[in-house]
Amino acid sequence: MTASPSSINRPAVIAVSLWVGVLIVISRWVGLQSYHWFPVQASNAAPLVDGLFSFETTIGTFVFLAVASVMGWVIVRHRAEKYDASDAEPIEGNTKLEIIWTAIPFVLVMAIAVYAMKVNTSLGVLGPMEHIHLADAKEQQGGYPGDRLPSETIEVVARQWSWEFRYPDTGVSSTELHLPLDQPVTFRLVSEDVLHGFYIPAFRLKQDVIPGRAINFNLTPIRVGRYRLRDSQFSGTWFAANQADVVVESVEAYQAWLKQAAGLPLQPGISDAVEEYELRLKQSPTPGWATVKPAPPPQVNVPGSNALPHDA
Amino acid sequence: MTPTPSLAQGHPQLSWTRYLGFSTDAKVIGIQYIVLAFFFFLIGGFLAMIIRGELLTPPADLVDRTVYNGLYTMHGTIMLFLFIFPVLNGLNNLLIPTMIGAPDMAFPRLNTAAFWLVPVFGSLLIASFFVPGGPAYSGWWSYPPVSIQNPLGNLISGQSLWLLAVALSGVSSIMGAINFVTTILRMRAPGMTLFRMPVFCWTALAAQSLQLIGLPALTGGAVMLLFDLTVGTSFYRPEGGGDPVLYQHFFWFYSHPAVYVIILPVFGIFSELFPVYSRKPLFGYVYVCLASFIIVGLGLIVWVHHMFPSGVTMWMRNLFMFTTMLIAVPTGVKVFAWLGTLWRGKIQLTTPMLFCLGGLINFVFAGITGVMLATVPIDIHVSNTYFVVGHFHYVIYGAAVMGIFAAIYHWFPKFTGRMPYEGLGKLHFVLTFIGANLNFLPMHPLGLMGMPRRVSSYDPEFAFWNVLASLGAFLLGVSIIPFLLNMISSWARGPKATHNPWNAIGLEWLLPSPPPVENFEEHVPTVISRPYGYGTGLPLVEHQDEIERQLTLQEASA
């Protein structure tokens, strides 16, 4: 943009290069910090997602700081003097610059997209992005390396407003989701009323549950702990209270839980909505506006809890 | 063409009551749009205060959950359909005819009808607070089946009024769009070729073309939803063989481009104001103009990125990720062009300039989180969380509303004939900039931690960032006070404005402040150069010196 491209302003070039170096260091540091902004990594998808986010945070921080630096410089150094109403030197454009700043973002976002597509593919191999209604021959055979075939399909029934988990192999049902550590699990997601979102932040995975469809969804937990499952697609009055706990435990503990659960009689599972709805009916006049009546709590072997301290 | 002798005669003082009735004058309609929009802005903002009040603490303790759901739904609906679209249409009405030298809009009566639909559907929407069962509560997306559950079973429900209002809003916007596109294409001053047209008009043309392409999908989709709700059809009902996801396609086919309908004119505002307050031509004018239409083209093929977790196939996820990423390129071109404009300028930090600079840095932040959201694996984690809420509030409030404030301060003297107060304006800027960032930045960590949007209660680990966000929201609530004070007091008794108080280049600045009803009447100047000729010494129109001398004389004699 300067008027005389032939004479290179050496101190300026050095200063800008130094500043760019500083920005790169800061950006990389912020990118590394970004791992701490997430919940614990409890599924094998989580490290991939967090790595991608860290990469984009690094680039994004650099872009943001670079733009902010230019704006800051301009505001400090290129301010009009008081009472100076004159115009600046008219620079109407610079084709070379314009081509460069079209090409750089293009290359940058395409690089991000290609990286993201690779992560998509890995996640696809891990399982979480394939659906039953699109089953092809490969998928019907599992689509996974032989030793990682999902052992069991857990049925997830979403309702207004409760989550019910059924383990068909043992006939167990629960309103607390138990999963074995390091084992690929397949879910069959169904909804009996409206859209819901099956979202476990510690797993970095989410899938809408769509009435009228059964969706297959796979994941592999990699960390023992208690995590939150949250409804992520607005589902009406008690949407916010439609949470369940996910317990990841060792294979032995999981098997023991299943065995014990199979012996328990059916009882009402957790539904915070039903409790709140009953309280609401007791108030006169009824507070607020009209609401859909919550579905009765599912009858399950193990209600479990959604009020214990959770890791994420 | 000779300069305008009629200008020197001045024009009769018009009564302020013309703002209350039916008028076909674009400058009256423009102010009607803006004032009405800010009335709804206060209502929508008040709802936001209640929402942030509820979210100060983890349990749902301030209002009933049903009330919370109604309030957040109405907040979004009012802010989009009754604030931001009307306020932008107000600016279009004021700026397009004056910037291109037209006496009025192409279809003045259509313009009146389009405006008066706004109070009609606005009243419908507000009336829904008072029908049995309360207003719509399914979010501004109104995804079925939750939106067609209709707990009381009445024909007249909050949701049916909501759908009617949205459909009417679509009709109003289509009428407006036809008018703006026609006016820009057919009524430009002699000599004003497309590549001598101000960028605001380019962006308005782009945005209104998007309205024409996209709105029929939303309006049609909304009418089908209304049928499902009221007469029991099954377009989206799974139990009747319908597909709830189909609605999402109709909705987002328009509602993603709607974001560009909002942000493109704001890009136009930035492109107009940065040259004025840097005293330099817009860097890469032609490229900036064309970038708007590249954004239009790409904007129409990205909508599925709102549906990545909705059960779409892998190839769609990948394809729409690429198209969404590409949006960053023309947008980046604009950002760099503005930086190029600022560079080595003579920067004047006036109120409009401060709002533009603040809006620009907020927009860059929003653009970066936008690229993150386009990335499928990240989006799978953060979609429907507060990360998205933070992102789009940075776009809509941080960039668009800031740009709109900039435009109002900048063109206020032109259309009211009075100068706004700088001190109040700067106070307004500082409160808005701090308030917006304090309100919307904490939403990003909340989303990354996994707090879903639209919740009326949340787990205690989210409390810290929510308290910060609420404080920011309350600060934003306060920030509107200096703005309103400024507008009312300066309009009533501010110093008289000259025809060109900012020393800006553009046809609108060759008109008296306020301009006469028919703008240039039959004496439309002939445009002989590109806009933004700051520092070039080139006149914009033929006989420019003569026109300016006449205006100055007229002001001296008044």
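In chain B, of the contacts with a separation of 6 or more, 83% are between residues 24 or more positions apart. A contact here means that the C-beta atoms of two residues, placed from the backbone, lie within 7 Å.

A word on conventions. The model is predicted, so I use local features only at pLDDT of at least 70 and side-chain atom pairs only at pLDDT 80 or more, while totals for chains, interfaces and linings use all residues. Residues are numbered from 1 along each chain as its sequence is written, and chains are lettered from A and ligands numbered from 1 in the order in which they are written.

First, chain B overall. Its secondary structure comes to 17 helices and 0 strands; these are DSSP runs numbered from the N terminus, H or I of at least four residues for helices and E of at least two for strands. The radius of gyration of chain B is 23 Å, close to the 24 Å from the globule rule for 558 residues, so chain B is as compact as a globular protein of that length. That radius is taken over C-alpha atoms, and the rule is 2.2 Å times the number of residues to the power 0.38. The C-alpha trace of chain B spans about 70 × 45 × 45 Å along its principal axes. Of its 558 residues, 63% count as buried. Buried means 20 or more other C-beta atoms within 10 Å of the residue's own, exposed means 12 or fewer, and partly exposed is in between, with C-beta atoms placed from the backbone.

Next, helix packing. Two packed helices are described by the angle between their axes and the distance between the axes. Axes are lines fitted to C-alpha atoms, for helices over the stretch in contact, and angles run from 0 to 180 degrees between N-to-C directions.

Take α6(B), residues 199-230, and α7(B): their axes come within 8 Å and cross at roughly 160°. That makes α6(B) roughly antiparallel to α7(B). The cut-offs are under 35 degrees for roughly parallel, over 145 for roughly antiparallel, 65 to 115 for roughly perpendicular, and oblique for the rest. The crossing of α6(B) and α7(B) is left-handed, meaning that the near helix is turned anticlockwise from the far one by less than a right angle; clockwise would be right-handed. The residues of this contact divide into 24 nonpolar, 8 polar and 1 charged. Nonpolar covers Ala, Val, Leu, Ile, Met, Phe, Trp, Tyr, Cys and Pro, charged covers Asp, Glu, Lys and Arg, and the others, Gly among them, count as polar.

Helix α7(B), residues 244-278, also packs on α11(B), residues 351-374, with axes that come within 10 Å and cross at roughly 125°. These two are therefore oblique to each other, and α7(B) passes α11(B) in a left-handed crossing. From α7(B), the residues are B:Phe270, B:Leu273, B:Phe274 and B:Tyr277, and they meet B:Pro352, B:Met353, B:Cys356, B:Gly359 and B:Leu360 in α11(B). The contact divides into 8 nonpolar, 1 polar and no charged residues.

Now the side of chain B that touches chain A. Here 84 residues of chain B are in contact with 83 residues of chain A. Elements of chain B that give two or more residues to this side include α3 (65-100), α7, α8 (285-299) and α11. The largest share, 9 residues, comes from α10(B). By class, this side of chain B has 47 nonpolar, 28 polar and 9 charged residues.

Last, some local backbone points. Most residues other than glycine have a negative phi, and most peptide bonds are trans.

The bond from B:Pro144 to B:Pro145 is cis, with omega near 0°, and B:Pro145 is in the loop between α4 (108-127) and α5 (158-186) of chain B. The bond from B:Ser513 to B:Pro514 is also cis, with omega near -10°; B:Pro514 is in the loop between α16 (463-493) and α17 (544-557) of chain B.

B:Arg454, not a glycine, has a positive phi of about 70°. It lies in the loop between α15 and α16 of chain B and counts as buried, with 23 C-beta neighbours inside 10 Å. In chain A, A:Tyr83 has phi near 65°, but with 5 C-beta neighbours inside 10 Å it counts as exposed.

The C-alpha atoms of B:Pro482 and B:Leu427 are separated by 7.0 Å, at 55 residues apart along the chain.
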